[in-house]
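Please look through the model shown here.

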Amino acid sequence: MIQKQRFDELMDLDWLQPPHTFVLIIVFIALRIPMLFLGFGLDPDAWRIANAAFDLRNHFIYHTSRFPGYPLPEFVNALFVDFGWTATNSITMILSLFSVLAFAYLLKSSRVKNKGILTATYAFIPLLWINSTNTMDYMWALSFVLFTWYFLVRTKYLTAGIMMGLAIGSRPQTVLFLIPFLYLLISGKQDRRNIVFFMFSCLLISAVLFLPIYITYGIAFLHQYPPRTTVLQIGYQVIKNFGLPSIIVLLILFATSLKNFRVMILKPEENDRFILVSVITLLASFVITPYHFEYLIPIVPFGLVLISRIGKRTLLVLFGFLSILHSILVFGSIQYSESGRIRIRVADYGAVYNNMIARRKQLSFAKNIMETQVEGGSVILVGHWLPIIAYLGEDLSSIPGTKRMFDSNAPKDGVWNFERDISYRYLMDVEELDKLKHEGHMLYYVPGMREYTLETYGYDLLTHGVSRLPVH
(Lines give C-alpha, C1' and ligand atoms only; values in the text may rest on other atoms or scores of the structure.)
Protein backbone atom coordinates (compact mmCIF):
# COMPACT_ATOMS: atom_id res chain seq x y z
CA MET A 1 0.00 0.00 0.00
CA ILE A 2 2.83 2.39 0.92
CA GLN A 3 4.69 1.55 -2.29
CA LYS A 4 1.56 2.16 -4.36
CA GLN A 5 1.05 5.49 -2.64
CA ARG A 6 4.63 6.51 -3.41
CA PHE A 7 4.20 5.40 -7.01
CA ASP A 8 1.01 7.46 -7.32
CA GLU A 9 2.78 10.50 -5.88
CA LEU A 10 5.66 10.10 -8.32
CA MET A 11 3.36 9.77 -11.33
CA ASP A 12 1.49 12.90 -10.24
CA LEU A 13 4.58 14.82 -9.18
CA ASP A 14 4.24 18.60 -9.27
CA TRP A 15 7.28 19.78 -11.22
CA LEU A 16 6.43 23.40 -10.41
CA GLN A 17 7.20 22.91 -6.72
CA PRO A 18 10.82 23.35 -5.57
CA PRO A 19 13.13 21.54 -5.45
CA HIS A 20 11.53 19.55 -8.28
CA THR A 21 11.57 22.60 -10.58
CA PHE A 22 15.30 23.13 -10.09
CA VAL A 23 16.02 19.45 -10.74
CA LEU A 24 13.96 19.55 -13.94
CA ILE A 25 15.69 22.70 -15.21
CA ILE A 26 19.21 21.45 -14.42
CA VAL A 27 18.67 18.01 -15.98
CA PHE A 28 16.89 19.52 -19.01
CA ILE A 29 19.78 21.88 -19.77
CA ALA A 30 22.65 19.55 -18.82
CA LEU A 31 21.48 16.78 -21.15
CA ARG A 32 21.14 19.20 -24.07
CA ILE A 33 24.38 21.15 -23.75
CA PRO A 34 26.51 18.68 -25.81
CA MET A 35 24.10 19.04 -28.75
CA LEU A 36 24.33 22.83 -28.89
CA PHE A 37 27.82 22.70 -30.43
CA LEU A 38 26.98 20.47 -33.41
CA GLY A 39 25.90 22.84 -36.15
CA PHE A 40 22.49 24.41 -36.65
CA GLY A 41 20.79 21.01 -37.01
CA LEU A 42 20.38 18.10 -39.41
CA ASP A 43 17.53 19.77 -41.29
CA PRO A 44 18.96 22.00 -44.06
CA ASP A 45 16.13 24.44 -43.29
CA ALA A 46 17.86 25.24 -39.99
CA TRP A 47 20.88 26.37 -42.01
CA ARG A 48 18.60 28.39 -44.27
CA ILE A 49 17.36 30.22 -41.20
CA ALA A 50 20.98 30.87 -40.24
CA ASN A 51 21.71 32.12 -43.78
CA ALA A 52 18.76 34.52 -43.66
CA ALA A 53 19.76 35.72 -40.20
CA PHE A 54 23.38 36.22 -41.31
CA ASP A 55 22.51 38.41 -44.28
CA LEU A 56 20.01 40.41 -42.24
CA ARG A 57 22.55 40.96 -39.45
CA ASN A 58 25.59 41.75 -41.60
CA HIS A 59 24.12 43.23 -44.81
CA PHE A 60 20.63 44.44 -43.80
CA ILE A 61 19.27 42.28 -46.61
CA TYR A 62 16.20 40.22 -45.83
CA HIS A 63 15.38 37.03 -47.66
CA THR A 64 13.20 34.51 -45.89
CA SER A 65 14.66 31.07 -45.28
CA ARG A 66 11.85 29.54 -47.35
CA PHE A 67 8.28 30.32 -48.33
CA PRO A 68 5.76 31.16 -46.98
CA GLY A 69 8.10 32.77 -44.42
CA TYR A 70 9.28 32.15 -40.87
CA PRO A 71 10.05 35.72 -39.79
CA LEU A 72 10.27 35.56 -36.00
CA PRO A 73 13.11 32.96 -35.77
CA GLU A 74 14.89 34.73 -38.63
CA PHE A 75 14.66 38.18 -36.99
CA VAL A 76 15.59 37.01 -33.50
CA ASN A 77 18.43 34.78 -34.66
CA ALA A 78 19.84 37.71 -36.64
CA LEU A 79 20.70 39.28 -33.27
CA PHE A 80 22.76 36.25 -32.21
CA VAL A 81 23.97 34.52 -35.39
CA ASP A 82 27.41 36.15 -35.23
CA PHE A 83 27.98 34.15 -32.03
CA GLY A 84 27.47 30.93 -34.00
CA TRP A 85 25.15 27.96 -33.72
CA THR A 86 25.74 27.51 -29.99
CA ALA A 87 23.93 30.80 -29.42
CA THR A 88 21.04 30.23 -31.81
CA ASN A 89 20.55 26.63 -30.65
CA SER A 90 20.50 27.88 -27.05
CA ILE A 91 17.61 30.23 -27.86
CA THR A 92 15.55 27.27 -29.06
CA MET A 93 16.52 25.33 -25.94
CA ILE A 94 15.49 28.14 -23.59
CA LEU A 95 12.15 28.59 -25.35
CA SER A 96 11.59 24.83 -25.15
CA LEU A 97 12.37 24.84 -21.42
CA PHE A 98 9.77 27.54 -20.81
CA SER A 99 7.29 25.47 -22.81
CA VAL A 100 7.91 22.52 -20.45
CA LEU A 101 7.10 24.73 -17.45
CA ALA A 102 4.03 26.10 -19.24
CA PHE A 103 2.87 22.55 -19.99
CA ALA A 104 3.35 21.56 -16.35
CA TYR A 105 1.24 24.55 -15.29
CA LEU A 106 -1.50 23.72 -17.79
CA LEU A 107 -1.67 20.12 -16.59
CA LYS A 108 -1.90 21.29 -13.00
CA SER A 109 -4.49 24.00 -13.63
CA SER A 110 -6.61 21.62 -15.72
CA ARG A 111 -6.36 18.95 -13.01
CA VAL A 112 -5.00 16.40 -15.49
CA LYS A 113 -4.03 13.14 -13.81
CA ASN A 114 -0.49 11.75 -14.07
CA LYS A 115 0.94 15.22 -14.61
CA GLY A 116 4.36 14.09 -13.34
CA ILE A 117 4.99 11.45 -16.00
CA LEU A 118 3.33 13.58 -18.71
CA THR A 119 5.64 16.53 -18.03
CA ALA A 120 8.72 14.29 -17.97
CA THR A 121 7.67 12.62 -21.22
CA TYR A 122 7.13 15.99 -22.89
CA ALA A 123 10.55 17.21 -21.69
CA PHE A 124 12.57 14.19 -22.76
CA ILE A 125 10.74 12.50 -25.62
CA PRO A 126 13.30 12.17 -28.46
CA LEU A 127 11.37 14.15 -31.09
CA LEU A 128 11.18 17.23 -28.87
CA TRP A 129 14.57 16.68 -27.23
CA ILE A 130 16.35 16.75 -30.60
CA ASN A 131 14.39 19.68 -31.99
CA SER A 132 14.95 21.73 -28.85
CA THR A 133 18.70 21.82 -29.62
CA ASN A 134 18.74 23.14 -33.17
CA THR A 135 17.91 26.39 -34.96
CA MET A 136 14.70 25.12 -36.55
CA ASP A 137 11.34 26.74 -35.89
CA TYR A 138 9.30 23.71 -34.80
CA MET A 139 9.82 24.20 -31.07
CA TRP A 140 9.40 27.96 -31.43
CA ALA A 141 5.90 27.47 -32.79
CA LEU A 142 4.99 24.78 -30.25
CA SER A 143 6.28 26.91 -27.36
CA PHE A 144 4.20 29.93 -28.35
CA VAL A 145 1.14 27.72 -28.84
CA LEU A 146 1.50 26.50 -25.25
CA PHE A 147 2.09 30.09 -24.08
CA THR A 148 -1.17 31.03 -25.84
CA TRP A 149 -3.05 28.30 -23.99
CA TYR A 150 -1.32 29.34 -20.74
CA PHE A 151 -2.48 32.96 -21.01
CA LEU A 152 -5.99 31.95 -22.07
CA VAL A 153 -6.25 29.85 -18.92
CA ARG A 154 -5.11 32.89 -16.94
CA THR A 155 -7.71 35.05 -18.77
CA LYS A 156 -5.02 37.30 -20.27
CA TYR A 157 -6.67 37.50 -23.68
CA LEU A 158 -4.61 40.32 -25.18
CA THR A 159 -1.35 38.62 -24.18
CA ALA A 160 -2.66 35.28 -25.42
CA GLY A 161 -3.33 36.87 -28.81
CA ILE A 162 0.21 38.25 -28.91
CA MET A 163 1.57 34.76 -28.18
CA MET A 164 -0.59 33.32 -30.95
CA GLY A 165 0.70 35.98 -33.34
CA LEU A 166 4.27 35.03 -32.40
CA ALA A 167 3.41 31.36 -32.99
CA ILE A 168 2.17 32.19 -36.50
CA GLY A 169 5.27 34.33 -37.04
CA SER A 170 7.39 31.32 -36.10
CA ARG A 171 5.54 28.90 -38.38
CA PRO A 172 2.60 30.17 -40.48
CA GLN A 173 1.05 26.69 -40.44
CA THR A 174 0.32 27.36 -36.77
CA VAL A 175 -2.59 29.56 -37.86
CA LEU A 176 -4.66 26.35 -37.75
CA PHE A 177 -4.48 26.51 -33.96
CA LEU A 178 -6.92 29.39 -34.11
CA ILE A 179 -9.60 26.73 -34.63
CA PRO A 180 -9.21 24.98 -31.23
CA PHE A 181 -8.41 28.23 -29.40
CA LEU A 182 -11.50 29.97 -30.77
CA TYR A 183 -13.50 26.87 -29.87
CA LEU A 184 -12.12 27.11 -26.34
CA LEU A 185 -13.15 30.76 -26.10
CA ILE A 186 -16.59 30.32 -27.65
CA SER A 187 -17.46 27.13 -25.75
CA GLY A 188 -16.42 28.87 -22.54
CA LYS A 189 -19.01 31.56 -23.31
CA GLN A 190 -16.43 34.30 -23.12
CA ASP A 191 -17.41 37.93 -23.48
CA ARG A 192 -17.16 38.96 -27.12
CA ARG A 193 -14.69 41.67 -26.16
CA ASN A 194 -12.25 39.03 -24.96
CA ILE A 195 -12.47 37.21 -28.28
CA VAL A 196 -11.96 40.52 -30.13
CA PHE A 197 -8.92 41.34 -27.96
CA PHE A 198 -7.47 37.92 -28.68
CA MET A 199 -8.01 38.04 -32.44
CA PHE A 200 -6.97 41.68 -32.81
CA SER A 201 -3.62 41.23 -31.07
CA CYS A 202 -3.00 37.95 -32.91
CA LEU A 203 -3.68 39.40 -36.36
CA LEU A 204 -1.75 42.60 -35.62
CA ILE A 205 1.41 40.80 -34.50
CA SER A 206 1.17 38.36 -37.40
CA ALA A 207 0.73 41.18 -39.93
CA VAL A 208 3.69 43.13 -38.56
CA LEU A 209 5.95 40.07 -38.67
CA PHE A 210 4.98 39.13 -42.23
CA LEU A 211 5.10 42.68 -43.61
CA PRO A 212 8.83 42.48 -44.53
CA ILE A 213 8.17 39.27 -46.45
CA TYR A 214 5.33 40.88 -48.39
CA ILE A 215 7.47 43.95 -49.15
CA THR A 216 10.31 41.72 -50.38
CA TYR A 217 8.38 39.14 -52.42
CA GLY A 218 4.86 40.48 -52.86
CA ILE A 219 1.98 38.02 -52.88
CA ALA A 220 4.36 35.31 -54.22
CA PHE A 221 5.35 34.46 -50.63
CA LEU A 222 2.06 32.55 -50.31
CA HIS A 223 3.65 29.43 -51.70
CA GLN A 224 2.60 25.85 -51.00
CA TYR A 225 5.12 23.03 -51.43
CA PRO A 226 3.93 19.64 -52.69
CA PRO A 227 3.83 16.69 -50.27
CA ARG A 228 7.22 15.01 -49.83
CA THR A 229 6.49 11.97 -47.72
CA THR A 230 4.70 8.65 -48.01
CA VAL A 231 2.88 6.34 -45.64
CA LEU A 232 5.96 4.10 -45.52
CA GLN A 233 8.21 7.06 -44.68
CA ILE A 234 5.81 8.25 -41.98
CA GLY A 235 5.81 4.78 -40.43
CA TYR A 236 9.61 4.72 -40.50
CA GLN A 237 9.79 8.17 -38.88
CA VAL A 238 7.30 7.17 -36.17
CA ILE A 239 9.42 4.15 -35.23
CA LYS A 240 12.63 6.17 -35.50
CA ASN A 241 11.40 8.98 -33.24
CA PHE A 242 9.35 7.04 -30.68
CA GLY A 243 10.71 3.51 -30.77
CA LEU A 244 8.94 0.27 -31.68
CA PRO A 245 8.23 -0.82 -28.06
CA SER A 246 6.54 2.48 -27.15
CA ILE A 247 4.50 2.41 -30.38
CA ILE A 248 3.26 -1.10 -29.55
CA VAL A 249 2.29 0.04 -26.05
CA LEU A 250 0.50 3.07 -27.50
CA LEU A 251 -1.50 0.88 -29.90
CA ILE A 252 -2.49 -1.39 -27.01
CA LEU A 253 -3.48 1.68 -24.99
CA PHE A 254 -5.81 2.92 -27.73
CA ALA A 255 -7.21 -0.55 -28.39
CA THR A 256 -8.12 -1.00 -24.73
CA SER A 257 -9.49 2.53 -24.30
CA LEU A 258 -12.29 2.69 -26.86
CA LYS A 259 -14.93 2.78 -24.15
CA ASN A 260 -13.21 5.63 -22.33
CA PHE A 261 -12.80 7.43 -25.64
CA ARG A 262 -16.54 7.26 -26.29
CA VAL A 263 -17.20 8.56 -22.78
CA MET A 264 -14.79 11.43 -23.40
CA ILE A 265 -16.76 12.39 -26.51
CA LEU A 266 -20.27 11.93 -25.13
CA LYS A 267 -19.69 13.07 -21.55
CA PRO A 268 -16.69 15.37 -21.76
CA GLU A 269 -14.94 16.83 -18.78
CA GLU A 270 -13.29 20.25 -18.73
CA ASN A 271 -11.09 20.85 -21.84
CA ASP A 272 -11.85 17.39 -23.29
CA ARG A 273 -13.39 18.70 -26.48
CA PHE A 274 -10.70 21.37 -26.80
CA ILE A 275 -8.07 18.61 -26.72
CA LEU A 276 -10.00 16.56 -29.28
CA VAL A 277 -10.46 19.54 -31.62
CA SER A 278 -6.73 20.29 -31.34
CA VAL A 279 -5.69 16.73 -32.16
CA ILE A 280 -8.17 16.36 -35.02
CA THR A 281 -7.16 19.73 -36.52
CA LEU A 282 -3.48 18.83 -36.48
CA LEU A 283 -4.01 15.34 -37.90
CA ALA A 284 -6.26 16.68 -40.66
CA SER A 285 -3.73 19.37 -41.62
CA PHE A 286 -0.97 16.76 -41.82
CA VAL A 287 -3.07 14.46 -44.00
CA ILE A 288 -3.67 17.38 -46.37
CA THR A 289 0.00 18.47 -46.46
CA PRO A 290 2.23 15.56 -45.36
CA TYR A 291 5.51 17.35 -46.01
CA HIS A 292 7.74 16.45 -43.05
CA PHE A 293 7.06 14.20 -40.07
CA GLU A 294 8.18 17.07 -37.80
CA TYR A 295 5.01 18.93 -38.85
CA LEU A 296 3.31 16.72 -36.24
CA ILE A 297 5.42 18.11 -33.37
CA PRO A 298 2.63 20.44 -32.11
CA ILE A 299 0.39 17.42 -31.52
CA VAL A 300 2.64 16.00 -28.78
CA PRO A 301 1.35 17.88 -25.68
CA PHE A 302 -2.27 17.53 -26.76
CA GLY A 303 -1.77 13.86 -27.59
CA LEU A 304 -0.23 13.25 -24.16
CA VAL A 305 -3.23 14.80 -22.45
CA LEU A 306 -5.55 12.70 -24.64
CA ILE A 307 -3.93 9.35 -23.80
CA SER A 308 -3.81 10.30 -20.12
CA ARG A 309 -7.53 11.00 -20.23
CA ILE A 310 -8.55 7.70 -21.85
CA GLY A 311 -5.75 5.20 -21.11
CA LYS A 312 -4.88 3.00 -18.20
CA ARG A 313 -2.18 4.44 -15.97
CA THR A 314 0.02 1.35 -16.32
CA LEU A 315 0.12 1.66 -20.10
CA LEU A 316 0.55 5.43 -19.94
CA VAL A 317 3.54 5.10 -17.59
CA LEU A 318 5.04 2.34 -19.74
CA PHE A 319 4.64 4.47 -22.87
CA GLY A 320 6.28 7.46 -21.19
CA PHE A 321 9.14 5.38 -19.82
CA LEU A 322 9.83 3.63 -23.14
CA SER A 323 9.61 6.90 -25.08
CA ILE A 324 12.18 8.55 -22.81
CA LEU A 325 14.35 5.42 -22.88
CA HIS A 326 14.31 5.59 -26.69
CA SER A 327 16.34 8.79 -26.42
CA ILE A 328 19.15 6.80 -24.81
CA LEU A 329 18.74 3.22 -26.05
CA VAL A 330 16.84 1.87 -29.04
CA PHE A 331 15.21 -1.57 -29.20
CA GLY A 332 14.08 -2.91 -32.55
CA SER A 333 15.67 -0.23 -34.74
CA ILE A 334 15.32 0.00 -38.50
CA GLN A 335 18.16 1.52 -40.52
CA TYR A 336 18.70 2.30 -44.18
CA SER A 337 22.15 1.49 -45.53
CA GLU A 338 23.81 3.54 -48.29
CA SER A 339 22.96 0.79 -50.76
CA GLY A 340 19.28 1.23 -49.95
CA ARG A 341 18.95 -1.98 -47.97
CA ILE A 342 17.01 -2.08 -44.72
CA ARG A 343 18.81 -3.35 -41.62
CA ILE A 344 16.94 -4.43 -38.50
CA ARG A 345 18.86 -4.30 -35.23
CA VAL A 346 17.69 -5.66 -31.89
CA ALA A 347 19.42 -2.87 -29.94
CA ASP A 348 21.21 0.32 -30.89
CA TYR A 349 22.28 3.69 -29.58
CA GLY A 350 19.43 6.01 -28.67
CA ALA A 351 17.78 8.51 -30.99
CA VAL A 352 19.51 11.48 -29.35
CA TYR A 353 22.97 9.92 -29.60
CA ASN A 354 22.37 8.95 -33.23
CA ASN A 355 21.32 12.52 -33.96
CA MET A 356 24.56 13.80 -32.45
CA ILE A 357 26.60 11.38 -34.57
CA ALA A 358 24.68 12.39 -37.71
CA ARG A 359 25.26 16.08 -37.01
CA ARG A 360 29.00 15.51 -36.64
CA LYS A 361 29.03 13.60 -39.93
CA GLN A 362 27.06 16.40 -41.58
CA LEU A 363 29.69 18.98 -40.63
CA SER A 364 32.51 16.69 -41.74
CA PHE A 365 30.93 15.83 -45.10
CA ALA A 366 30.13 19.47 -45.90
CA LYS A 367 33.76 20.41 -45.26
CA ASN A 368 34.91 17.53 -47.46
CA ILE A 369 32.75 18.85 -50.33
CA MET A 370 34.48 22.22 -50.14
CA GLU A 371 37.96 20.70 -49.83
CA THR A 372 37.60 18.36 -52.83
CA GLN A 373 39.92 19.58 -55.58
CA VAL A 374 38.32 20.30 -58.97
CA GLU A 375 39.23 22.38 -62.00
CA GLY A 376 38.64 26.11 -62.15
CA GLY A 377 35.34 26.95 -63.77
CA SER A 378 33.65 23.88 -62.30
CA VAL A 379 30.01 23.87 -61.26
CA ILE A 380 28.99 21.50 -58.48
CA LEU A 381 25.36 20.52 -57.87
CA VAL A 382 24.97 20.12 -54.11
CA GLY A 383 21.21 20.31 -53.45
CA HIS A 384 20.32 20.57 -49.76
CA TRP A 385 24.03 20.89 -48.89
CA LEU A 386 24.03 24.41 -50.36
CA PRO A 387 22.87 26.34 -47.26
CA ILE A 388 25.29 24.30 -45.14
CA ILE A 389 28.42 24.88 -47.20
CA ALA A 390 27.36 28.50 -47.84
CA TYR A 391 27.54 29.14 -44.11
CA LEU A 392 30.61 27.02 -43.36
CA GLY A 393 32.72 28.22 -46.29
CA GLU A 394 34.36 31.47 -45.29
CA ASP A 395 35.59 31.93 -48.87
CA LEU A 396 32.14 31.26 -50.37
CA SER A 397 29.74 34.07 -51.22
CA SER A 398 26.93 35.02 -53.57
CA ILE A 399 28.76 38.23 -54.54
CA PRO A 400 32.46 39.11 -54.86
CA GLY A 401 34.35 40.94 -52.15
CA THR A 402 32.29 40.09 -49.08
CA LYS A 403 30.77 37.13 -47.28
CA ARG A 404 27.09 36.95 -48.22
CA MET A 405 24.61 34.11 -48.39
CA PHE A 406 21.98 33.52 -51.04
CA ASP A 407 18.21 33.66 -51.34
CA SER A 408 17.14 30.03 -51.08
CA ASN A 409 13.81 30.91 -52.72
CA ALA A 410 15.63 31.81 -55.96
CA PRO A 411 16.44 28.31 -57.28
CA LYS A 412 19.11 29.49 -59.76
CA ASP A 413 21.11 31.30 -57.10
CA GLY A 414 24.18 29.72 -55.58
CA VAL A 415 27.49 30.59 -53.98
CA TRP A 416 30.96 30.88 -55.48
CA ASN A 417 34.56 30.49 -54.50
CA PHE A 418 35.66 33.43 -56.65
CA GLU A 419 39.36 32.81 -56.02
CA ARG A 420 39.18 29.20 -57.26
CA ASP A 421 36.40 30.02 -59.79
CA ILE A 422 34.12 27.26 -58.50
CA SER A 423 30.32 27.53 -58.31
CA TYR A 424 28.08 25.57 -55.95
CA ARG A 425 24.49 25.31 -57.15
CA TYR A 426 21.34 23.83 -55.68
CA LEU A 427 19.76 22.29 -58.78
CA MET A 428 19.39 23.08 -62.49
CA ASP A 429 17.24 22.13 -65.44
CA VAL A 430 18.66 20.40 -68.48
CA GLU A 431 18.68 23.57 -70.63
CA GLU A 432 20.91 25.44 -68.21
CA LEU A 433 23.12 22.38 -67.77
CA ASP A 434 23.66 22.03 -71.52
CA LYS A 435 24.42 25.75 -71.74
CA LEU A 436 27.12 25.50 -69.08
CA LYS A 437 28.64 22.46 -70.78
CA HIS A 438 28.69 24.32 -74.09
CA GLU A 439 30.56 27.17 -72.37
CA GLY A 440 33.24 24.70 -71.25
CA HIS A 441 32.38 24.27 -67.59
CA MET A 442 33.05 20.97 -65.85
CA LEU A 443 29.99 19.76 -63.92
CA TYR A 444 29.89 17.56 -60.83
CA TYR A 445 27.24 16.34 -58.43
CA VAL A 446 27.36 15.13 -54.84
CA PRO A 447 25.73 11.86 -53.68
CA GLY A 448 21.95 12.01 -53.83
CA MET A 449 21.77 14.68 -56.53
CA ARG A 450 21.41 12.24 -59.41
CA GLU A 451 18.21 10.85 -57.89
CA TYR A 452 16.96 14.30 -56.86
CA THR A 453 17.49 15.75 -60.35
CA LEU A 454 15.78 12.78 -61.97
CA GLU A 455 12.81 13.20 -59.61
CA THR A 456 12.59 16.98 -60.10
CA TYR A 457 13.50 17.54 -63.75
CA GLY A 458 13.25 14.05 -65.24
CA TYR A 459 16.74 13.70 -66.65
CA ASP A 460 19.78 11.66 -65.63
CA LEU A 461 22.91 13.63 -64.74
CA LEU A 462 25.18 10.74 -65.76
CA THR A 463 23.75 10.50 -69.28
CA HIS A 464 24.32 14.25 -69.67
CA GLY A 465 28.00 14.02 -68.86
CA VAL A 466 27.95 15.18 -65.25
CA SER A 467 30.51 13.42 -63.03
CA ARG A 468 30.10 12.39 -59.44
CA LEU A 469 32.25 14.52 -57.15
CA PRO A 470 34.99 12.32 -55.60
CA VAL A 471 34.12 13.33 -52.04
CA HIS A 472 34.49 11.06 -49.03
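The paragraphs below cover a helix and then salt bridges.

This is a predicted model, in which local features need pLDDT of at least 70 and side-chain atom pairs count only at pLDDT 80 or more, while totals for chains, interfaces and linings use all residues. Residues are numbered from 1 along each chain as its sequence is written, and side-chain values use heavy atoms, without hydrogens and water.

Helices are DSSP runs of H or I with at least four residues, strands are runs of E with at least two, and both are numbered from the N terminus. Buried means under 20% relative accessible area, exposed over 50% and partly exposed in between, with a 1.4 Å probe and protein chains only. In H2, the buried residues include Thr21, Leu24, Phe28 and Arg32. They lie on the same side of H2, because their arc around the axis is only 65° (taken from the directions from the helix axis to the C-beta atoms). An α-helix has 3.6 residues a turn, so residues three or four places apart point the same way. Exposed Phe22 and Ile26 sit on the face of H2 turned away from its buried side.

A salt bridge is a side-chain nitrogen of Lys or Arg within 4 Å of a carboxyl oxygen of Asp or Glu. The whole structure has 13 salt bridges. In one of them, Asp12 pairs with Lys115, with the closest N and O atoms 3.3 Å apart. Asp12 is in the loop between helix H1 and H2 and Lys115 is in helix H6, so the pair ties together parts 103 residues apart in sequence. Lys115 counts as buried at 13% relative accessibility.
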